[in-house]
Amino acid sequence: LSPNDDGSSASIPMGVSFPIGLHFFSSWHVAMFVNTNGNITFSGALPQYTPNAFPVSSRPMIAPYWADEDIRMQDGACDESAGTSPGYLGCENPTNNSVWWYLEPGRITVTWDTNGYYSCHTDKRMTFQLVLTAATGCAEPCDFDVEFRFLQCEWETGDASGGSGGFGGTEAQAGFDAGDGANYIAIPGSMAPGIANIMCNDSNVGTPGLWQFQVRSGVVLCPDAGLPCATGFLGACGQGVTQCIASGTECVAVVGPTAERCDAIDNDCDGETDEDEGMCTIY
């Protein structure tokens with residue numbers, strides 16, 4: 001991206017990396033927008049600098065670090081006019097405080113490189129990547145894997161988001177949003193003090209600064225998803241599997257209640273087995 005504040009790329013076709021697109025929640029996408037403020041979106045560019053708490057309507061999004069990034073500082077001078085007009089174009093590729101993307105077969109990498117925060121502050125920096133990789137094995141063609149990779153985490157908030165010195169106010173948010181006002185996954189600690197430290201020093205796979213997820217049939221799976229669990233319901237409804245939800249996991253029943261039948265199982269999940277009189281009588 002050219003040096004800017006709250007800018008975005010034009011629509012980027014993803015066919016080089018994902019020939020038939022990506023299945024994300026309930027929609028399929030063939031293009032993306034890279035936004036200065038730490039996220040990619042699919043339904044249009046996103047100039048918003050202060051994050052809204054997920055879920056956000058009409059804005060499908062993957063956000064490694066949604067916060068008010070400012071990439072106008074170059075060579076020790078802040079160009080306040082950079083990016084304020086549609087015709088603005090940077091004359092040189094910056095060596096840092098920048099946003100890059102790279103598409104190759106089966107993978108997209110987006111890098112926010114040593115970025116400062118609004119307004120033109122570079123005393124603290126954020127360096128992180130978003131990596132989308134085509135799924136292999138028994139996955140469906142539009143399935144993909146997601147990595148958030150963090151190297152440098154020094155600020156959480158821009159001045160216009162109520163912050164001072166990179167902290168306070170409305171802190172950064174990380175995760176996934178379906179754009180339907182209902183479904184989302186948020187990294188625990190998002191929009192709270194300490195989120196920068198969490199992203200660099202914590203992990204959901206045991207490697208500090210690395211966060212990995214799978215997207216299968218549109219559903220975002222965290223590493224703890226798909227494990228057997230007890231729902232707390234009665235009978236057949238008691239067997240469940242874990243599923244990512246909001247900032248953690250929940251136990252979802254494998255089957256719901258069905259009509260009772262003669263099989264020594266509480267099929268209707270009411271606490272009784274084969275309770276109907278004569279159900280198992282042999283004539």
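Predicted model: local features only at pLDDT ≥ 70, side-chain atom pairs only at ≥ 80, totals over all residues.
Residues are numbered from 1 along each chain as its sequence is written, and side-chain values use heavy atoms, with hydrogens and water left out.

**Stop 1: the disulfides**

Three disulfides are present (a disulfide being a pair of cysteine sulfur atoms within 2.5 Å). Select Cys 153 and Cys 200 to begin; their S to S distance is 2.2 Å. This link is right-handed, with 80 degrees about the S-S bond. Cys 153 sits in strand 13 and Cys 200 in helix 1 (residues 195–201), 47 residues apart. Helices (H or I, at least four residues) and strands (E, at least two) are DSSP runs, numbered from the N terminus. Both Cys 153 and Cys 200 are buried, where buried means under 20% relative accessible area, exposed over 50%, and partly exposed in between (1.4 Å probe, protein chains only).

Next, pick Cys 229 and Cys 251, whose sulfur atoms are 2.0 Å apart. Cys 251 is partly exposed, at 27% relative accessibility.

Then move to Cys 237 and Cys 269, with sulfur atoms 1.9 Å apart. Cys 237 is in the loop between strand 18 and strand 19, and Cys 269 is in the segment after strand 20. Cys 237 is buried at 4% relative accessibility, and Cys 269 is buried at 16%.

**Stop 2: salt bridges**

Five salt bridges are counted, each a side-chain nitrogen of Lys or Arg within 4 Å of a carboxyl oxygen of Asp or Glu. Show the side chains of Asp 145 and Arg 216, which meet at 2.8 Å, N to O. Asp 145 is in strand 13 (residues 144–153) and Arg 216 in strand 16 (residues 210–216), 71 residues apart. Asp 145 is partly exposed at 25%, whereas Arg 216 is buried at 19%.

Now select Asp 70 and Arg 72, another salt bridge at 2.8 Å, N to O; both residues are buried.

**Stop 3: a surface patch**

Finish with Val 241, Val 254 and Val 255, a nonpolar surface patch with about 210 Å² of accessible area together. Patches are made of residues with over 30% relative accessible area and no salt bridge, with like charges joined within 9 Å and nonpolar side chains (Val, Leu, Ile, Met, Phe, Trp, Tyr) within 5 Å. Accessible areas come from the Shrake-Rupley method with a 1.4 Å probe; for residues, only the protein chains shown count as cover. Val 241 is in strand 19 (residues 239–245).
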